Amino acid sequence: MKTKKQSRILFITLGLVIALPALSFGLSQLFPATTTREITIDAQPDQVWEVLSDLESFPQWHPTITSFSGEAVVGNTVAFTNEEGDSSISFTPTILAAEPARELRWLGHVALPGLMDGNHSFVLEPAGENTKVTQSESFTGILGMFAPLFMDLGASFEASNKALANFVESKDQ
């Protein structure tokens with residue numbers, strides 16, 4: 001009798017171990033955790049694109065990226081290191097979009113694909129004589145929906161957007 005009860009408990013436990021990550025993954029696909037920040041830059045979209053598409057220049061203006069290598073070409077794998085405070089993490093995302101003066105987007109993973117995937121983008125839109133830049137990241141994967149619990153990207157995006165604006169606008173003068 002005890003063996004049957006133990007088997008049932010083991011079966012339920014295994015079911016939960018399989019079902020909960022699958023449910024989390026599925027929900028994150030439907031409802032990704034997304035952070036978005038916008039800024040208007042006093043420059044034309046092609047001037048902003050010139051800076052964004054030069055990935056190796058990111059450490060010159062981005063407050064947390066200390067190295068970035070590779071080319072902004074769809075399908076390319078690039079590499080960058082992000083340092084905030086005492087923590088440092090390196091990523092090797094794949095470029096998903098590189099439309100001049102319109103969009104730069106990449107997909108990176110924390111540890112393994114599907115665990116926590118980050119789809120990061122910069123979208124450029126003409127705004128009169130200026131450019132509206134929308135920086136966004138959506139997290140999916142088993143842990144994707146939990147990203148906001150241990151990552152506050154809002155302040156980081158605001159700081160990097162301001163740094164991008166300052167860098168682009170100083171090049172224009």
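**Figure 1. Gly-154 sits in helix H5.** Helices (H or I, at least four residues) and strands (E, at least two) are DSSP runs, numbered from the N terminus. The model is predicted: local features need pLDDT of at least 70, side-chain atom pairs count only at pLDDT 80 or more, and totals for chains, interfaces and linings use all residues. Residues are numbered from 1 along each chain as its sequence is written, and side-chain values use heavy atoms, with hydrogens and water left out. Gly-154 is buried, at 1% relative accessibility. Here buried means under 20% relative accessible area, exposed over 50%, and partly exposed in between (1.4 Å probe, protein chains only). Leaving aside neighbours within four places in sequence, Gly-154 is in contact with Thr-35 and Arg-37; contact means heavy atoms within 4.5 Å. Thr-35 is 119 residues from Gly-154 in sequence, yet their C-alpha atoms are 6.3 Å apart.

**Figure 2. A salt bridge joins Glu-158 and Arg-37.** The N to O distance is 2.9 Å. Glu-158 belongs to helix H5 and Arg-37 to strand S1 (residues 33-41), so the pair ties together parts 121 residues apart in sequence. Both side chains belong to partly exposed residues: Glu-158 has a relative accessible area of 39%, and Arg-37 has 29% relative accessibility. A salt bridge is a side-chain nitrogen of Lys or Arg within 4 Å of a carboxyl oxygen of Asp or Glu. The structure holds five of them.

**Figure 3. Lys-132 and Glu-38 form a salt bridge.** Their N to O distance is 3.7 Å. Lys-132 comes from strand S8 and Glu-38 from strand S1, so this pair ties together parts 94 residues apart in sequence. Lys-132 is partly exposed at 26% relative accessibility. Glu-38 is exposed at 51%.

**Figure 4. Glu-103 pairs with Arg-105 in a salt bridge.** The N to O distance is 2.9 Å. Glu-103 is buried, with 16% relative accessibility. Arg-105 is partly exposed, with a relative accessible area of 23%. Elsewhere, salt bridges that share partners join Glu-38, Glu-125 and Lys-132 into one network.

**Figure 5. The largest nonpolar core has 28 residues.** A nonpolar core is a set of buried Ala, Val, Leu, Ile, Met, Phe, Trp, Tyr and Cys residues joined through side-chain atoms within 4.5 Å. Ile-41, Val-48, Leu-52, Phe-58, Leu-104 and Leu-164 touch the most other members. Elements supplying at least two residues each include S1, helix H2 (45-52), helix H3 (58-61) and strand S2 (65-69). H5 gives the largest share, five residues. Beyond its neighbours within four places in sequence, Leu-52 is in contact with Phe-58, Trp-61, Leu-104, Phe-122, Leu-124 and Leu-164. A second, separate core of six residues includes Ala-33, Met-116, Phe-139 and Ala-147.

**Figure 6. The largest pocket has a volume of about 580 Å³.** On a 1 Å grid over the protein atoms alone, where a 1.4 Å probe fits, a pocket is an open set of points with protein on both sides within 12 Å along at least five of seven lines; lining residues have an atom within 4 Å of a point. Grid points are joined across faces, edges and corners, and a volume is the space filled by probe spheres set on the points. The lining has 31 residues, with Asn-82, Ile-89, Phe-91, Met-151 and Leu-153 nearest the centre. Strand S3 (79-84), strand S4 (87-91) and helix H5 (153-172) are among the elements that each supply at least two lining residues.
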